[in-house]
Amino acid sequence: MAVDRRKVAVFGAAFVLRLLLICFFPSLPDLLTGRVEVSTPVNSFKRLQEGLYLYTRNVSPYDGGVFHQAPLLLPLFSLLPDVKSNPVPTAVFYFLVDLLNAQALATISESGQSVQSRLHSAIRKHIRWDGVSVAAWFLFNPFTIATCLARPTSVFTTSGILFAVSNAVDGNSLNAMLALGFASYLSLYPALLFVPLALLCYDQRVQKCPQAPSTVVFILQHGAILFGSIAGLLGLSVLITGNFWEFMSATYGFHLLVPDLTPNVGLWWYFFIEMFDSFRGFFLGVFWLHLASYVGGFTARLRRQPLFIITAILGVFAIFKPYPSISDASLYFALLPLYRHLSPLMRYTFFAISALLYSSLLGPAFYHLWIYAGSGNANFFYAITLVWSLGLSILLADSIFAALRDEWEQDHPEAKGQEVKQV
Amino acid sequence: MPAAIRNLRSDPQLLFVRLPNLLSLLCIVVGVVWLLLLPLNDYSRQTYISENALLPGQVHAYFTGSEQNIFRGYKKELEGLINEEREDGAQNPEVESTPAISNKIHSILQAAGLKVATQKYEYTSAGITHRGENVYGIIHAPRGDATEAIVLVAAWKTADDELNLNGVTLALTLARYFKRWSLWSKDIIFIFPPDSKTGTQAWIDAYHDLHPSSVQPLPLKSGALQGALVIEYPFDHRFKTLHIVYDGVNGQLPNLDLFNTAVAIAGGQMGIGANLQEMWQHDDSYEARLKTILRGMTKQGLGYATGAHSSFMPYHIDAITLQPKGEGWEDEMALGRTIESLCRSLNNLLEHLHQSFFFYLLMQSNRFVSIGTYLPSAMLLAGNFTIMAIALWMRTGYHSDPKLSGPTGSESSKLKSEKSSSPGTQKDVAETKTDGSAVAERVLALPLTLVSGLHLLGLVPLWIFNTIFHQYFTTVTYIFVAVDIVLPLLLAALLSNGLGISTPIVRQQYLLIKSFALLLLGLSLSTLATLNFSLAFMIGLLCTPLSFVVRLEGAAPLRYAISSLGLVLLNILSPPTVLIGICWYTGVPIETVLTQAAFGWDVWGMWTQVVVWCVWWPAWLIGCVLLGSSMF
């Protein structure tokens with residue numbers, strides 16, 4: 001196999017850039033690790049260190065009430081040298097994970113699934129970026145770099161999701177489900193991607209062999225695989241922690257019930273701080289239902305483009321998850337360039353990106369005014385997280401509009417280029 | 001009305017070229033006029049004490065009579081020591097931080113019953129080493145639990161580098177006097193740093209365990225600091241008014257309640273007038289008010305430490321400096337009583353000062369404007385860049401209009417077939433229709449790379465000006481003036497040749513470069529306006545021409561003439577030229593200013609330079625490149 005020179009250059013440059021950043025600014029990783037925009041209670045590297053400390057001293061890692069991440073991360077990280085005295089191996093490990101993610105993205109892009117799937121063929125196919133460009137877009141995105149340097153464990157969830165999708169577009173539905181099982185095991189919410197991912201696998205299967213089983217049977221089979229993989233991982237976790245219910249309530253219970261209201265870029269924390277306790281259960285249900293309901297809607301409406309459903313749902317996660325961070329946004333931004341052919345149809349890109357830029361500058365400034373200078377208050381930061389979510393929502397809604405318009409133009413070739421009017 | 005809107009939509013020249021220009025200009029004019037309106041009675045407010053617990057001037061101050069004898073005694077002792085030191089080593093400029101004097105203060109404080117400790121520190125900046133020793137003592141509150149403390153600072157050198165003998169003596173006398181009271185509910189810390197620039201910074205950093213390795217940790221600590229007062233009294237005669245200095249590092253201000261309390265106590269209880277911003281003759285006229293505001297804004301915008309109190313601000317500790325000024329009949333006892341009363345007020349606090357404003361512009365000792373009233377002026381200035389950026393972006397999207405799509409049809413057809421210059425991004429062009437509402441494909445790679453690259457380039461002068469030795473500052477500044485003349489022309493020439501690697505740059509890309517540069521500028525300035533209003537306003541004002549700089553087209557001779565004239569004018573507004581101009585106008589050597597700036601960066605954590613080199617300079621450079629490209 002010939003080595004793609006451009007790819008080597010991009011991947012090498014991304015690696016060297018990250019390495020230079022930690023060499024020239026050795027305090028940068030710790031600074032980023034402490035930022036609420038990057039580290040949330042469920043992915044923070046600092047909390048992982050705490051859990052690791054307890055684990056290596058044979059205390060249950062969940063005893064301190066600080067660590068809320070999956071137990072299998074602990075044996076993995078206990079293999080790496082101590083971060084305090086020797087931070088480079090851990091950092092390099094994260095760089096490599098980033099490169100693997102980029103590789104998965106390149107695979108997804110090169111499959112062409114985003115422009116040409118079983119039921120859909122985009123009109124502007126020729127406007128496309130190749131795999132290396134999409135990978136470069138991901139690797140040189142400042143949000144990705146910041147995430148990589150801050151070492152949150154959500155990077156592994158990202159890998160799980162990206163590998164699930166890249167395997168699915170290659171037709172390896174078994175591997176896809178195993179990867180999704182890994183992502184779901186780490187942070188629960190990727191399980192919501194199951195239906196669109198299974199549809200993606202199904203479309204690939206049908207294209208390869210026409211005598212494929214019916215959709216329902218296929219989905220049930222793959223549901224069983226997913227379930228099996230998660231069960232296997234949970235079984236391993238029990239071997240490590242010894243106490244099933246303790247780690248279940250400390251990890252998935254924590255994800256579901258949102259007890260820690262540390263500020264983050266999402267919309268939940270402020271809302272639940274303000275809420276009277278008696279309504280908490282109800283609104284938890286409503287918020288989760290709201291998040292999950294997108295899956296059904298998108299799947300039904302965009303059935304012809306399963307990969308786009310996954311992209312859109314990842315965008316929804318970046319906005320409406322209980323503990324979102326910029327790593328979720330960076331995953332969404334990583335998949336968006338696959339839909340380069342939709343950009344002529346998008347109308348508010350500039351405004352959405354401006355809103356995102358404004359909020360990424362003003363967010364840290366207002367957080368500083370609130371926490372350090374003491375001259376602002378929580379509303380300052382919350383207002384900016386609203387702007388951030390607004391920017392993401394505009395981008396998401398605009399891309400969905402463009403995808404629908406693309407489908408519609410495919411169905412009505414005569415109406416191509418006509419102005420849209422609300423009736 | 002609908003007809004007017006339809007007209008507007010059908011006339012892209014008006015919509016995308018004239019209207020944004022007009023709107024931008026309007027934003028700038030309104031922004032400046034807004035600031036000029038602030039001193040009027042309708043837009044400013046009378047100050048008031050917001051925190052009721054302060055109760056300023058409600059207690060009798062007992063610091064009189066026999067305490068004056070103690071003051072004289074301490075002063076004699078210190079004077080004697082200083083004279084001895086002077087005779088021993090007259091060449092030593094830092095007479096006040098010698099061990100003998102440190103020991104003297106140590107023993108006086110100890111005799112008064114305070115716990116005393118010392119801290120040595122050393123800072124190096126621009127090749128100059130600053131070292132000294134802080135002496136400090138703590139009165140433990142008889143009624144408190146050592147969780148909160150008030151700080152009194154008397155530096156040996158005032159902010160103007162005068163010997164602060166009376167101030168130090170007064171602080172010593174107050175330490176002895178305060179120790180005998182049983183009413184304190186907060187600890188009181190007395191600090192005697194050798195100078196106003198470094199000592200308090202070293203002390204406060206070490207107090208919060210954030211000190212660099214060249215600074216010793218503090219052996220003795222107390223609780224959370226609630227407020228700090230700095231005493232200066234650098235002369236021997238009696239004084240007339242109190243000058244209150246309140247600006248902190250990076251334009252951070254103390255809570256307005258602290259300033260108000262000081263004014264209320266000095267004016268109401270003691271009958272001493274209060275001044276601010278060196279306005280000795282304040283007749284409450286519009287001009288005087290505006291001048292006060294502008295002086296305050298200059299200090300805030302430059303962001304340097306104006307006194308020993310400034311170092312406290314980044315730690316969210318409200319602090320002011322009290323400087324006696326003028327010839328009058330108030331003596332050191334009156335100053336002492338003022339400080340006693342202020343300490344009593346701070347002693348009353350139940351929680352950290354938070355009630356009143358943190359963002360304000362003072363125009364008189366009893367009049368101010370708050371952030372809600374003044375912020376729009378800086379935001380309008382920043383908004384003008386954003387408006388222009390959005391308009392330019394939209395303008396690049398429409399290319400049906402021949403006037404807008406480039407000087408020749410061949411160029412826009414070139415655009416259609418163009419592949420972008422960056423190797424990582426390959427672009428094709430959308431099918432476009434002829435009805436004018438279609439979106440043109442934008443070629444983003446080159447503009448994005450150029451704009452972000454030039455912003456990163458700003459790190460180079462930032463690094464240079466904060467690292468080199470002080471004796472080279474003047475030379476380097478002049479070198480940068482030369483670089484600023486050559487670099488834009490060089491970049492413009494390179495750009496018009498397509499950087500040698502790709503097809504020539506087209507008009508759309510020039511517009512996109514300007515759009516991105518202005519977007520970033522507007523973005524940074526509006527963020528900055530929430531942190532340091534004055535700096536954002538000043539930079540915004542200096543950058544206003546950049547909104548209107550375009551790549552000229554037309555007949556060659558005229559184009560050359562106008563663009564060279566424009567470049568000369570822009571070069572007058574370049575960061576190094578502005579620095580030279582200001583230094584020339586105020587008569588301060590460039591070296592002094594830049595040494596102070598490098599010192600601020602190294603010791604105080606001042607980030608004015610970052611704004612200058614990574615926000616202002618790149619935006620200015622791009623403006624010059626655009627204008628310069630008219631020549632090629």
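At what angle do the axes of helix 1 of chain A and helix 6 of chain A cross? The structure is a predicted model, in which local features need pLDDT of at least 70, side-chain atom pairs count only at pLDDT 80 or more, and totals for chains, interfaces and linings use all residues. Residues are numbered from 1 along each chain as its sequence is written, while chains are lettered from A and ligands numbered from 1 in the order in which they are written.

**View 1. Helix 1 and helix 6 of chain A.** The axes of helix 1 (residues 5-24) and helix 6 (residues 131-139) cross at roughly 5° and come within 10 Å. Helix 1 of chain A is therefore roughly parallel to helix 6 of chain A (angles under 35 degrees). Helices are DSSP runs of H or I with at least four residues, numbered from the N terminus; axes are lines fitted to C-alpha atoms over the stretch in contact, with angles from 0 to 180 degrees between N-to-C directions.

**View 2. Residues joining helix 1 and helix 6 of chain A.** Arg6(A), Lys7(A), Val10(A) and Ala14(A) of helix 1 meet Val132(A), Ala135(A), Ala136(A) and Leu139(A) of helix 6 (contact: C-beta atoms, placed from the backbone, within 7 Å).

**View 3. Domain 1 and domain 2 of chain B.** Domain 1 comprises 11-40 + 375-419 + 441-631, and domain 2 comprises 52-365; the bounds come from an automatic or database domain assignment. Their C-alpha centres lie 42 Å apart. In contact are 22 residues of domain 1 and 26 residues of domain 2. Helix 19 of chain B gives the most to the domain 1 side, with eight residues.

Key: Two residues are in contact if their C-beta atoms, placed from the backbone, lie within 7 Å. Helices (H or I, at least four residues) and strands (E, at least two) are DSSP runs, numbered from the N terminus. Angles under 35 degrees count as roughly parallel, over 145 as roughly antiparallel, 65 to 115 as roughly perpendicular and the rest as oblique.
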